[in-house]
Amino acid sequence: MTVAITLVLFVASLITLHAAGFILFDDTTGYGTDTSGVGLLVALLLALGALVTAFGDPISRRVLGGALAVLDATIIAIGASDNGFRFFWTTYEGELLQFEVVLGLVALVLLTPSFLRPTESPHLAAASTSTTLNGQNLTTWSRASLYLCALVVAMFIAFGIGIAHFEATQCSGPDFGGECDLAALEGLLLAAGAFVLGVIAILVIEVSGAVRRRAAARGQHQRASL
């Protein structure tokens, strides 16, 4: 029953998006057509309802994750082959790319087999709050999903900061009369820097977590031997 409700809410959100003008297959203007803000709000509420319903049931969560992954792949395929296709596109093409990335990340999180691994000892269970905060109680899949989401968000933020900084320092003033095409270059450089720093941070967190887990296991073994 939960799976059926999740899928009904998911399909209803897509139908509402199409009815509100956010899904088009023949837009030759390049900017989309008139859209309904009320329709968008209803579609988002339906999608949120599907997410809330799915998170309460592991099977529903994976089914919804698979549906979102299929939807993401379909959007990418149709967008590459049909110039008239619009999905959440209101002002520029970057919106579609951002939506595809966010949709893929949500699908990845939903498809995560399990988020927490069971504690093997009462000593570790008593410290479950602190171990969860530093990642020791999270499964490998859940940590990978969280790392990837955080890394992508950091890169998007760095990209936006780079563009804003270039436009504010190089593309302003009364003497500027050209286009600011190079703004994206600084955005890409900052995004690359955020990626490198993010990978380093992930490695540090994982190594320190492995050391703490090894120390906890060694302490547990010593207590058991006593």
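Start by selecting Thr 16 and showing what surrounds it: leaving aside residues up to four places away in sequence, Thr 16 touches Gly 39, Val 42, Ala 43 and Leu 46. You are looking at a predicted model. Thr 16 sits in helix H1. Is Thr 16 buried or exposed? Its relative accessible area is 18% and the cut-off for buried is under 20%, so Thr 16 counts as buried.

**Stop 1: H1 against H2**

Now colour H1 and H2 and turn the view until you can see both axes. These axes come within 8 Å and cross at roughly 160 degrees. Angles over 145 degrees count as roughly antiparallel, and H1 and H2 are therefore roughly antiparallel to each other. The crossing of H1 past H2 is left-handed. To see the contact itself, show side chains on both helices. From H1, the residues taking part include Ile 5, Leu 9, Phe 10, Ser 13 and Leu 17. From H2, they include Leu 40, Ala 47, Ala 50 and Thr 53.

Next, pick Gly 49, which is found in helix H2. Gly 49 is one of the H2 residues in this contact, and Thr 6 is one of those from H1. Draw a distance between their C-alpha atoms: the separation is 7.8 Å, although the two residues are 43 residues apart along the chain. Gly 49 is partly exposed, with a relative accessible area of 22%.

**Stop 2: H2 against H3**

On the H2 side, select Ala 50, Leu 51, Ala 54 and Phe 55; on the H3 side, select Ser 60, Arg 61 and Leu 64.

**Stop 3: the nonpolar core**

Which residues touch the most other members of the largest nonpolar core? Select Phe 10, Leu 17, Leu 64, Leu 68, Ile 75 and Phe 87, out of 19 residues in that core. Four helices each supply at least two residues of the core: H1 (2-19), H2 (37-55), H3 (58-81) and H4 (94-110). The largest share, five residues, comes from H3.

Zoom in on Phe 87. Not counting residues up to four places away in sequence, Phe 87 touches Leu 14, Leu 17, Phe 22, Ile 23, Ile 75, Leu 96 and Phe 99.

**Stop 4**

Now move to helices H7 (residues 140-170) and H8 (residues 183-225). How many salt bridges does a search of the whole structure find? The search finds one. Its partners are the side chains of Glu 206 and Arg 143, at 2.9 Å from N to O. Side chains of opposite charge can pair when their charged atoms come close. Glu 206 lies in H8 and Arg 143 in H7, so the pair links distant parts of the chain, 63 residues apart.

**Last stop: the whole chain**

Zoom out and colour by secondary structure. The protein chain has eight helices and two strands, and along the sequence they follow the pattern α-β-α-α-β-α-α-α-α-α. Of the 226 residues, 29% are buried. Among contacts with a separation of 6 or more, 69% are between residues 24 or more positions apart.

Definitions and conventions. Residues numbered from 1 in each chain as written. Predicted model: local features only at pLDDT ≥ 70, side-chain atom pairs only at ≥ 80, totals over all residues. Heavy atoms only, no water. Core = buried A, V, L, I, M, F, W, Y, C linked by side-chain atoms within 4.5 Å. Buried < 20%, exposed > 50% of the residue type's maximum accessible area, 1.4 Å probe, protein only. Contact = heavy atoms within 4.5 Å. Salt bridge = Lys/Arg side-chain N within 4 Å of Asp/Glu carboxyl O. Axes fitted to C-alpha atoms, helices over the stretch in contact; angles between N-to-C directions. Parallel < 35°, antiparallel > 145°, perpendicular 65-115°, else oblique. Left-handed = near helix turned anticlockwise from the far one by under 90°.
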